[in-house]
Structures are given as C-alpha cells and as structure tokens.
Amino acid sequence: MSLHAQDDPELRRAQEERLRTVWAPPKGWLRRWSDTNNNAVGPWYTSTAFVFMLFAGVLALIIRAQLAVPENDLVSANTFNQLFTLHGSAMMFLFAVPMFEAVSIILLPQLLGARDLPFPRLSAFGYWSFLIGGVFVLGSIFFNAAPDGGWFMYPPLTTRTDLSGLGADIWMLGLSFIEVSSVAAAVELIVGVLKCRPPGMRLNLMPLYAWYILVVAVMILFAFPPLIAGDLLFEMERLLGWPFFDAARGGDPLLWQHLFWIFGHPEVYVIFLPSIALFAMLIPTFAQRHLLGYPYIVLAAVGTAFLSFGLWVHHMFATGLPKISLAFFSAASQAVVIPTGIQIFAFIATLAAGRVIFSTPLLYATGSLAIFVIGGLTGVMVAIVPFDWQAHDTYFVVAHLHYVLIGGTLMPLFAGLYYYWPLVTGKQLSDRIGRTAFWILFVGANLAFFPMHLSGLMGMPRRVFTYPAELGLQGLNMASTIGAFLFAFGVLLIVIDLLRSPWRPLGPRNPWNAGTLEWLATPSGEQWGVRSIPLIETRYPIWDQPDFVRKVDEGRFFLPDAEEGRRESLITSVLDAKPVAVLRLPTPSFVPMATAAALGGVFILTTYHLYWLALAAAVLTLALVLAWLWQTAEIPEKPCKPIGHGIDLPLYVAGPLAPGWWAMFITMMADATAFSGLVFGYYFFWTVHPSFPPPGMTGPGVFWPMIALALMVLGWAATLAARETNRRGAVTAARLLLAAGALAGLAAIPAGLAGPWLSHLDPTLHSYPAIVWTLTGWTVAHAGVGVVGQLYALARSLAGLATPTHDADIRNVTLYQHFLLFTALVTWATLGLFPEVA
C-alpha cells in the first residue's frame with residue numbers, strides 16, 4: 001500500500017470500519033469480562049487497585065483513631081495488629097505495585113504506537129489473579145482471621161502455629177498468588193517495550209516512561225522471586241514443620257529477613273520509579289519543551305535500580321551483623337541519593353528552561369517532590385548506623401516511610417490521574433476540585449506524619465496499640481490523627497471528582513498540547529488505539545514531525561487495515577525498532593479468568609489444608625494452561641502480508657525474533673532468581689553452622705545426584721538435537737528425540753529423590769535435611785514441567801501444528817531446558833559435592 005492509496009476517503013472509511021469491527025468489545029457484561037484487550041483490562045485493573053487503596057486507607061484511619069489519645073480502647077490489641085498488618089500489606093502489595101502495572105497496561109500501547117501489548121491474555125490472567133488474591137487477603141479481616149504479624153511477617157512468631165493463627169497462611173499464600181500476577185505483568189511490560197515499539201523508535205528515542213517501566217519490570221524479575229522463595233520456606237515450616245527459621249533445630253530467623261528485604265527495599269524503588277516516569281511525561285508538556293538530560297535520566301534510573309539491590313541490610317542494622325557489612329550497606333544507602341537527585345534536578349532544570357504552564361497535574365507533581373525530598377533526607381539519616389540504632393522500630397521510621405511513599409507514589413499518581421484522565425475517558429477532571437484537594441492533601445500529609453518524627457525521637461515504639469499518658473505524646477498523636485483524617489478528606493474530594501466524570505462532556509483531543517504518542521488517542525476512545533502505526537523520527541513526534549497527527553489519522557503509515565478480520569500489531573527489532581513481523585493478537589476468551597481461578601484455588605485450598613483438592617486444582621490449572629497455549633499458537637493462513645509502503649512482513653516468527661521466546665526467557669530469569677534464593681538459604685545455613693551437615697547426619701552422597709544430573713543432561717541434549725533435526729526437516733527423528741528427552745526427564749525424577757530418601761534425611765529434624773529436600777523438590781518439579789513441555793511439543797508436531805518452518809514450540813521448550821540444565825547443575829553439584837560430609 002502506497003501513500004497515494006490513502007487519498008481515497010471511501011477506502012479510509014472502509015478500513016476504519018473493519019478496524020472498529022475487529023476491535024469492538026464483546027456485548028454484555030459477562031462477555032465483556034472475557035475481553036483480553038489491554039484497553040479493556042487496564043481500567044478494571046486500575047479501578048480495583050484504587051478500591052484496595054481506599055480500603056487500606058480506612059484501616060489507617062481506624063489505627064489513627066485508636067492512637068489519638070492515650071490508653072484508648074476503641075479496638076483490641078489483636079484487632080489493632082490485624083489492622084496495621086493489612087494496611088501495610090494492602091498498600092505495598094495490593095496498591096503500589098499493581099497500580100503502576102495497571103497504569104502501564106493502559107499507557108504503554110498508546111505510548112509505543114501499538115495496537116496492544118503482545119500478551120493481552122497474560123494481562124487478563126494477571127488482573128484476575130490480583131483480584132482473587134486481594135479479595136481473599138483483605139476479606140479475612142471480616143472473619144477475624146486477618147494476618148497480625150506485620151507486613152514483614154518476621155519469624156519465629158509468625159511461623160509458630162501456636163502463636164499465630166490462620167492469618168499468617170492467608171497472608172503468605174494469598175500474597176504469593178498476587179506476586180505471580182506481578183511477575184506476569186512484568187513479562188508483558190518488558191516484552192512490550194522491547195518488541196512492540198513503532199518502526200524507527202530506537203532505544204534512544206523511547207519515551208522516558210517506557211524506559212522507566214522497562215527498568216522497573218526488570219527489577220521485579222530480581223526482587224520478587226526471592227520473596228517467593230522465602231514464602232515457600234515459610235509455608236513449609238508452618239504446614240510441614242520443616243525448621244528453616246527455628247533456631248532450636250538448626251534454622252535461623254535472619255534468613256527470612258534477608259530474603260524479605262532483598263525484595264523489600266528494591267520494592268520501594270519499584271513503586272517510586274514509575275511515579276518519576278509520570279513526571280518525565282507531564283513536566284515537558286507543561287514546560288512546553290523537550291526534557292533536559294535525557295541520557296543522564298536514563299542512566300540515573302538504571303543506577304537507582306542497580307544500587308537498590310545493595311540496600312537490603314539497611315533494614316537489619318540492629319540485628320547484630322558484622323560492622324564491616326554495616327559500613328558497606330550504610331554507604332550504599334547514602335549513595336542511592338545521587339542518581340535520585342540527578343533525576344529530580346533534571347526535572348527542575350526543564351521547568352526553569354521552559355515556558356511553564358501552571359496546571360493541576362503540575363501542582364501535584366511539584367508538591368509530591370517537596371514531600372519526597374523530606375522523606376529522602378530522613379532516609380539519609382536512618383542510613384547512618386548509629387542514628388538507626390536509636391530510631392529503629394520507633395515512629396521516626398514510620399514518618400520516613402510515609403513521607404517517601406506519599407511523596408514518591410501516592411501524590412504522583414494523583415498528578416498522573418489528572419493528567420491522563422482525558423486520555424482514558426476523553427473527559428477532564430475539575431481544576432477547582434483538584435486544586436482544593438491538593439492543598440488539603442498537602443497539609444494533611446505533613447500534619448499527619450511530621451509529628452511522628454518527634455514522637456519517634458521521644459521514644460514512641462512502632463506497632464503498639466496504646467501508650468501511657470505519662471510519655472507526654474498525646475498532643476503529637478492527636479495532631480497526626482487530625483492530619484490523617486484531613487488527608488482522607490482530600491482523597492474523598494478526588495473520589496467525588498471521579499464519580500462526577502461520566503456526566504461531563506467530552507473534551508478536546510490532546511488538551512495539554514503534549515508531544516508524545518499517547519495523545520494520538522481520540523476522545524471517543526477507539527479500541528484499536530492508533531489509526532495507523534507510525535514511523536518515529538524524534539522523541540516528541542507530535543511536536544516535531546510535520547503533519548504527524550493528520551498522517552496517522554489518515555492511515556498513511558503502517559498496518560492501517562484489518563483485511564483478514566484479525567487483531568494485529570507490529571513486532572520490531574529490540575535495538576533499532578526495524579519491522580520484523582505482524583503480530584496476531586488473540587481474541588476475547590474466558591480461559592485467563594478460569595486459569596487464574598484454578599491457580600487461586602491451589603493457594604486458597606492449601607491455606608485450609610485441603611491438600612487433595614489443592615492438587616486437583618493444580619491439575620486443572622495445568623490443563624487450562626496447555627489449552628491456552630494450544631489456542632494461541634497457530635499457523636497463519638499465508639506466510640506474509642503487506643503493511644503499507646510496499647513492505648511485506650511474515651505472519652510467523654520463532655526464536656529470538658518472536659515475543660513468545662522473550663516471554664519464556666524472561667519468565668525463566670524470574671524462576672532462576674527464585675531458585676537462587678533457595679541456594680542462598682543453603683549456603684547461609686552453611687555459614688552460620690560450625691558444621692553443615694551437622695554431626696551424625698549424612699548427606700545424599702554423590703552417586704544419585706550425579707545420576708540425576710546425567711539424566712537431565714541427556715534430556716537437555718535430546719531436546720536440543722530435536723530442535724536442530726526438526727529445523728533441517730527430519731521430523732520423525734525430531735519426534736523420537738523429544739520422546740527420548742521426556743523419558744530421560746522422567747527417569748531423573750526418581751533418581752533425584754533417591755539421594756535424600758535413601759540417606760533417611762528427615763526434614764523435620766534439622767535445617768540441613770529440610771533445605772536438601774527443598775532444593776531436590778524444586779529441581780525434580782522443574783524436571784516434571786520440562787517433561788510436560790517436551791510432550792506438548794511432540795503433540796504439536798504430531799498434530800501438524802509444529803513444522804520445520806513453524807517451530808516456535810520446540811524452540812521455547814529448548815530454551816526452558818537450558819534453564820533446567822542450569823538448575824540441575826547447581827542443585828546436584830551443591831548437594832552431591834559441596835560441602836563435604838564431616
């Protein structure tokens with residue numbers, strides 16, 4: 001299709017009608033739930049996270065009402081513990097991270113000029129997992145079964161079932177389920193940024209929002225899995241009695257703190273950097289100029305992410321660790337201020353160099369920076385070890401945390417809400433209500449949390465449900481309570497503004513005169529996104545490329561039609577965004593919802609010790625996943641199709657060119673990170689015990705681990721050979737090799753279990769047999785998944801859906817086998833060869 005072909009208005013109208021028909025949402029509420037288009041999933045995701053935030057805010061108000069006066073009896077100590085545990089858990093796990101993922105699912109396709117992200121069904125699965133897990137965890141408080149051990153759930157108080165009730169299991173298993181949705185969203189966002197950019201949008205032309213989301217999604221891959229590993233150890237101690245954190249049986253509660261804070265401190269930046277990303281979009285708009293220091297901001301974001309993983313002991317200064325380690329982590333905690341400062345100063349410089357248009361979104365942005373800077377300054381204070389020893393577990397830390405989270409997360413989200421509401425709904429929110437709400441929020445936040453610095457320095461400990469009048473803290477606590485209710489009133493005004501929005505008229509297109517791609521959206525909100533996928537030559541194409549909006553609207557760029565009646569977008573190369581293929585997107589389906597419900601059943605039924613039902617739910621989950629994959633992996637009806645301007649692109653690609661290959665690679669990176677958390681646990685125990693294994697206890701030996709390793713190597717080699725022989729056209733030989741690989745993988749499972757079984761290692765006696773069985777179980781379970789993958793690829797080949805030219809299934813299964821081989825090497829070498837039995 002050439003440029004002049006679009007000069008025919010009848011052709012343009014026909015193309016638009018086909019696009020409208022293809023992307024139209026299903027009719028009826030029940031059918032709408034099946035729509036996996038990110039334009040449909042994103043608003044549901046965002047709304048649910050916002051409701052969970054409001055719920056957590058109500059819990060906070062009850063907490064502040066209890067602490068308003070000394071010796072108050074509004075709630076009992078047990079209820080208070082449930083309140084602050086759920087408040088912190090909801091804000092960190094059910095609002096901050098899911099909200100950024102939800103907003104990104106809405107904005108990224110628009111920012112990248114894509115019709116959708118590559119795996120809309122994965123986004124839908126993530127949303128339903130988040131919804132089910134969130135309702136399960138938050139609903140527990142209505143049955144007096146909420147967790148009461150704090151949002152950090154420190155053992156041994158939480159691992160002992162006689163000291164903590166069902167709430168600990170609800171917290172651990174419910175939030176583990178939610179972490180699955182977070183990792184799923186991270187996979188979607190990373191692949192979307194890397195593979196779905198419009199032609200010409202090289203990495204150095206990406207909007208800063210896309211850079212920030214890429215950095216944060218990669219952080220999730222390395223931050224969340226260690227907590228998943230810790231959750232696994234935690235639940236095995238509670239449900240099976242394996243003593244990972246029981247010092248009397250060789251465990252150590254500090255292992256949980258390490259695994260939790262390896263996740264916990266990077267998470268602060270996981271929720272802060274997306275807020276900075278919103279600033280990076282709205283500040284150039286209201287300065288009416290390009291953002292200054294683009295490469296330095298990107299490097300600063302990457303530096304912040306890198307340094308954030310060296311800060312976890314920042315939360316463990318009072319645990320008695322060696323002084324040299326305290327000095328290292330103290331220095332790292334202070335060094336992270338440098339890249340953060342670079343980003344903030346770049347935004348200030350852009351405003352100073354531009355022609356600033358004062359607006360409600362900019363008011364929220366500048367106010368949030370002021371609050372965040374105060375939190376950052378107190379963060380430097382608690383990074384100094386002697387001061388932290390004095391302030392640890394006091395309300396000074398509560399004040400620091402809330403200044404950082406309100407200034408670095410909540411207020412920026414309100415800025416983004418007022419900025420992007422016209423993009424999502426086509427309607428603007430009220431400037432008058434927005435500005436009034438801002439000043440109430442600003443005053444309320446400072447009144448609520450600044451006095452906590454003083455009460456903390458005067459000795460008020462955290463997590464106490466009352467305090468004696470003799471401490472003289474009633475005035476400061478009353479001020480904090482008044483500030484909290486004032487802040488809540490500001491949030492209520494914003495909610496009222498949102499509820500009034502449906503009755504407002506549609507506003508103009510691009511009301512802020514922004515320069516980035518997302519503002520190509522029209523107020524009517526067409527479901528297909530951009531009318532044609534554009535060619536990008538600059539970071540602000542609406543400002544800099546002549547007649548850019550008109551050309552997009554007239555379909556003068558790429559893929560302006562849906563001739564075959566399919567939802568489609570473009571795949572481009574990772575570095576320079578050259579067009580690679582046409583991406584066929586799946587149609588609406590209930591399968592992601594059903595898969596999330598089945599997987600949720602695994603976690604929820606395990607909570608109540610209904611293990612056989614949980615096993616049945618796990619089998620159902622596997623069946624649904626296989627059905628899901630079978631539906632979406634298809635051979636197209638023709639090899640290529642024109643996308644415009646004389647360019648033909650393939651409809652099928654495999655290997656590193658395909659989004660599916662990248663999704664497998666990224667998922668396995670997260671899996672390998674969780675595995676490294678378990679290996680860390682093994683060597684942690686080795687360092688804290690004078691002998692490991694302990695005297696009188698033998699390990700699994702060398703023979704059976706090496707046999708299991710050899711069998712897994714055979715399975716890997718057979719799969720690799722199957723991929724190559726299939727590529728060369730020897731289909732029968734490839735099928736035989738896949739079957740042989742599956743047999744080798746099956747044989748590796750009993751061989752791996754034989755070592756600890758024949759050594760009579762009882763995992764309830766000591767941490768050594770417990771961690772040996774955990775690593776063994778992890779590895780053989782992954783071997784089982786590998787067998788399922790090999791048999792799936794074999795079934796696809798036998799059904800004629802995997803051929804020498806359509807070999808994505810075999811390539812992806814081979815990639816999984818690479819990671820499985822790494823897992824096997826580390827596990828069996830660790831258990832069989834190191835350390836030697838004394």
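What follows is a short chat about aromatic pairs, charges over rings and a nonpolar patch.

Modeller: First, the ground rules: this is a predicted model, where local features need pLDDT of at least 70, side-chain atom pairs count only at pLDDT 80 or more, and totals for chains, interfaces and linings use all residues. Residues are numbered from 1 along each chain as its sequence is written, and side-chain values use heavy atoms, with hydrogens and water left out.

Biologist: Why are Phe272 and Phe372 called a stacked pair?

Modeller: Rings of Phe, Tyr and Trp (its six-membered ring) pair if their centres lie within 6.5 Å; planes under 30 degrees apart are stacked, over 60 edge-to-face, and the rest tilted. Phe272 and Phe372 are 4.3 Å apart centre to centre with 5 degrees between the planes, so they count as stacked. The structure holds 59 aromatic pairs.

Biologist: What makes you say that this pair ties together parts 100 residues apart in sequence?

Modeller: Phe272 sits in helix α8 (residues 253-287) and Phe372 in helix α12 (residues 360-382), so the pair links parts that are 100 residues apart in sequence. Helices here are DSSP runs (H or I, at least four residues), numbered from the N terminus.

Biologist: How do you know whether Tyr419 is buried or exposed?

Modeller: Buried means under 20% relative accessible area, exposed over 50%, and partly exposed in between (1.4 Å probe, protein chains only). Tyr419 has 0% relative accessibility, so it counts as buried. Trp519, at 3%, is buried too.

Biologist: What puts the charged end of Arg539 over the ring of Tyr294?

Modeller: The rule asks for NZ of Lys or CZ of Arg within 6 Å of the ring centre and within 35 degrees of the ring normal. The charged end of Arg539 is 3.6 Å from the centre of the Tyr294 ring, and Arg796 sits over the ring of Trp630 at 5.0 Å.

Biologist: Which helix gives the most to the nonpolar patch?

Modeller: α16 does, with 3 residues. Leu447 lies in helix α15.

Biologist: Why is Leu447 called partly exposed?

Modeller: Leu447 has 30% relative accessibility, so it falls in the partly exposed class.

Conventions. Helix = DSSP H or I, 4+ residues; strand = E, 2+ residues; numbered from the N terminus.
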